[in-house]
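I opened a new structure today and kept short notes on what I looked up. They follow in the order I made them.

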Amino acid sequence: MRKKIIIGNWKMNLDFESSNYLIQEIISKSENINVNIGIAPSFVLLDEAIKNTKYSKIKVFSQNLSEYKSGAYTGEVSASMLLSIGVENVIIGHSERRSIFNENHSILKNKVENALLHNMNVVFCFGEKLEDRKSNNYFKIISKQLKDSLFNLDVNLWNKIILAYEPVWAIGTGETATPEQAQEIHSFVRNLISENYSKTLSEKISILYGGSVKPNNAQSIFSQKDVDGGLIGGASLDSNHFIDIINSI
Ligand code: PEP
C-alpha cells in the first residue's frame, strides 16, 4: 500500500503567533484521524513548528533549501541547518520557485541531490503551464522535468522521494484539474518511472496532486487510483478546510 499524505504549503503566510495557533488547531482536530499530515511553514517558523509538533503525528516540511552546502551565499538556508533544528523533509521544485525565482532543472537537480545527501525526504513538484496544456505539449514538459532533475538518481534513493503533480494553471487560481486530468498525469508518471526504473518502484511511489484543492473537490480527486494525497496551498491556512480535505482521503 502506498503512503497517503496531505501536506499544507503555507507559502509566505502567517507569523509566529498565527502559525502556532494554526498548528494547535490542526493537532487537536486531527487527533483521531489516521492520515499522514504535513505542514510547510516558512523558514523562520520552522524551529517553533518542530517544537510544537513534537508529540503529534504532524510532519514539518521546509518549503525550500539551498543548492549549496555552506559558505558565502547570503540569504540561503542549507540542508544541514534545517537538520540541525529537526527538519527532515523538504519541498523542492514548487512552480513558484521555478517561475518567480528562476529555479531551472540543474538547480533543482542540485537541490534534490543535496537534500538526499543529508538523508532528507523530498517532495518534488512538477507540472505544466497553461500554454503547455493548450498546445498539448504537457506530456513532453513533464517527462523533461522529471528526467532532468530526478531520473539520474540511484534506485535506492527513491524511498526518500514523494512526487507532487501541480499543474501551474491550477495553483492559486481556483481552477482545479478534473479528477480525470489528474489521473491521466499520475498514471503517465507511474509509467515513466516504470520505464526508467521498474514497475515495482513505480507502484511504490506516492504521487500527490496540488492545485486549488478545496473541501468541495478533494474527494473526487483523491478517489483516483493513482492519486495518493495532496499538496494544499490556500485551503491549508484554514484549519477546518484543511481537516475537511484530510478527511476526504
Ligand atoms: C500549492 O501552493 O502547492 C498549491 C497547490 O496552492 P493552492 O492549493 O492554493 O492552489
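Predicted model: local features only at pLDDT ≥ 70, side-chain atom pairs only at ≥ 80, totals over all residues.

**Entry 1: the ligand shell.** I sorted the shell around the ligand by class. It has four nonpolar, eight polar and two charged residues. Which residues come nearest to the ligand? Out of 14 around it, I found Lys11, Glu166, Gly172, Ser212 and Gly233.

Entry 2: Lys11 places a polar side-chain atom 2.7 Å from an oxygen atom of the ligand. Glu166 also brings a polar side-chain atom to a ligand oxygen, here at 2.6 Å. Gly172 uses its backbone: an N or O atom there lies 2.7 Å from an oxygen atom of the ligand. Then I checked how much of the ligand is covered. The ligand taken alone exposes 290 Å², and the protein buries 97% of that.

**Entry 3: Ser212.** I went back to Ser212, one of the residues that come nearest to the ligand. Its phi is positive, about 55 degrees, although Ser212 is not a glycine. I noted the background: most residues other than glycine have a negative phi. Where does Ser212 lie? I found Ser212 in the loop between strand S7 (207-210) and helix H10 (218-222). Is Ser212 buried or exposed? Its relative accessibility is 9%, so Ser212 counts as buried.

**Entry 4: Asn136.** I looked at another residue with a positive phi. Asn136 has a phi of about 60 degrees and is not a glycine either. Asn136 sits in the loop between helix H6 (130-134) and H7. With 59% relative accessibility, Asn136 counts as exposed.

**Entry 5: salt bridges.** I turned to charged pairs. Side chains of opposite charge can pair when their charged atoms come close. How many salt bridges does a search of the whole structure find? The search gives 14. I looked up several of them.

**Entry 6: Glu25 and Lys29.** The side chains of this pair meet in a salt bridge, at 3.0 Å from N to O. Both residues belong to helix H1 (residues 16-29); because Glu25 and Lys29 are four residues apart there, about one helical turn separates them. Lys29 has a relative accessible area of 31%, so it is partly exposed.

**Entry 7: Asp148 and Lys144.** I read 2.5 Å between the closest N and O atoms of this salt bridge. The pair lies in helix H7 (residues 138-149), four residues apart, and so about one helical turn apart. Asp148 is partly exposed, with a relative accessible area of 25%. Lys144 is partly exposed too, at 46%.

**Entry 8: Glu203 and Lys199.** This salt bridge has its closest N and O atoms 3.0 Å apart. I placed both residues in helix H9 (residues 199-204), where a spacing of four residues means about one helical turn between them. Glu203 counts as partly exposed at 42% relative accessibility, whereas Lys199 counts as exposed at 55%.

**Entry 9: a network.** Arg2, Arg190, Lys225, Asp226 and Asp228 are linked in a network of them.

How values were computed
Residues numbered from 1 in each chain as written. Heavy atoms only, no water. Near = heavy atom within 4 Å. Polar contact = N/O pair within 3.5 Å; in protein donor to acceptor, adjacent residues only side chain to side chain. Areas by Shrake-Rupley, 256 points an atom, 1.4 Å probe, with all protein chains shown as cover. Nonpolar A, V, L, I, M, F, W, Y, C, P; charged D, E, K, R; others polar. Salt bridge = Lys/Arg side-chain N within 4 Å of Asp/Glu carboxyl O. Helix = DSSP H or I, 4+ residues; strand = E, 2+ residues; numbered from the N terminus. Buried < 20%, exposed > 50% of the residue type's maximum accessible area, 1.4 Å probe, protein only.
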